[in-house]
Amino acid sequence: MSSGIARGADIAVIGAAGKTGSAVIDALPPGARRLVHTARVEGDYEVELETGAGLRKALLGCRAVYFIAPNVHPDEPRLLRNALTAAASAGVEHVVYHSVAWPFSPAMPHHMDKAVCEDELHRSPLKWTVLQPCAYLENFASVIAGECSRITLPYSPDTKFSFVSLRAVAAVAATVLVEGSRHHGATYELGGSEAISVRELAARYGAEVEQISLDQWQNTAGYSMPVGAASRLRAMFDFYDHHDFIAGRGGFAACEAAAPHVHENT
């Protein structure tokens, strides 16, 4: 870590433009947050995650950084390495990495990338915390809101998940970022309070579920995606077709005592 660089109170969110980054920004105290997008943002920073250009400047004076990569990016470890290099050079003390439940899952390549990222983080000179959320409840927001009465899935609707709300994950992230040292070296799995299938979830809201094949999904929702992203999602859906995806709640238990507002909104 570079010497002679003063740490401020700012908390940078790398990936602030996405739904998770936006939720973390909303959960943080105002005035102690900094948005880092891949385009011009507050503070006139030009940032390029692919090369790391502009990251050091964007992170100067920050005490902590929250990092979430674009979904199913083809080389997430490289993006994180760029961010870690910039954070260490800028004098950042604490990096919170947004991973996923069950990162070491060889059948799901984008999960494996997150396992590699966790290893990169463990070997970095920075203090770190890892968050490992399960699938978001918000994936079915339109059904829950009563705006849609049908769910189409490219995997078994009877597969069980411990769905977690984005709001709850963001609250944990904010607590970890604000409290800092209490969470250094911790990895928190973030799962919902129950194991439930999509079929059961749909039934609660009077919706129907239809399972389609992976090829059908590829020809509809996956048609406009980059080939690499579509293939990674296909691998994930194939995994879901054969296995449940259940995560624990240890992360919520670890944060609730210090931040009673941390809870699930399911």
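Which residues are linked with R81 in a network of salt bridges? Select R81, D119, E120 and R123: these four are linked in that network. A salt bridge here is a side-chain nitrogen of Lys or Arg within 4 Å of a carboxyl oxygen of Asp or Glu. The structure holds 14 of them.

Before moving on, note that this is a predicted model: local features need pLDDT of at least 70, side-chain atom pairs count only at pLDDT 80 or more, and totals for chains, interfaces and linings use all residues. Residues are numbered from 1 along each chain as its sequence is written, and side-chain values use heavy atoms, with hydrogens and water left out.

Next, select R78 and E50. Their closest N and O atoms are 3.0 Å apart, in a salt bridge. This pair links distant parts of the chain, 28 residues apart: R78 sits in helix α3 (residues 76–90), E50 in the loop between β2 (33–36) and α2 (55–59). Helices (H or I, at least four residues) and strands (E, at least two) are DSSP runs, numbered from the N terminus.

Last stop: E210 and R150. Their salt bridge has its closest N and O atoms 3.4 Å apart. E210 lies in strand β10 (residues 208–211) and R150 in strand β6 (residues 150–153), so the pair ties together parts 60 residues apart in sequence.
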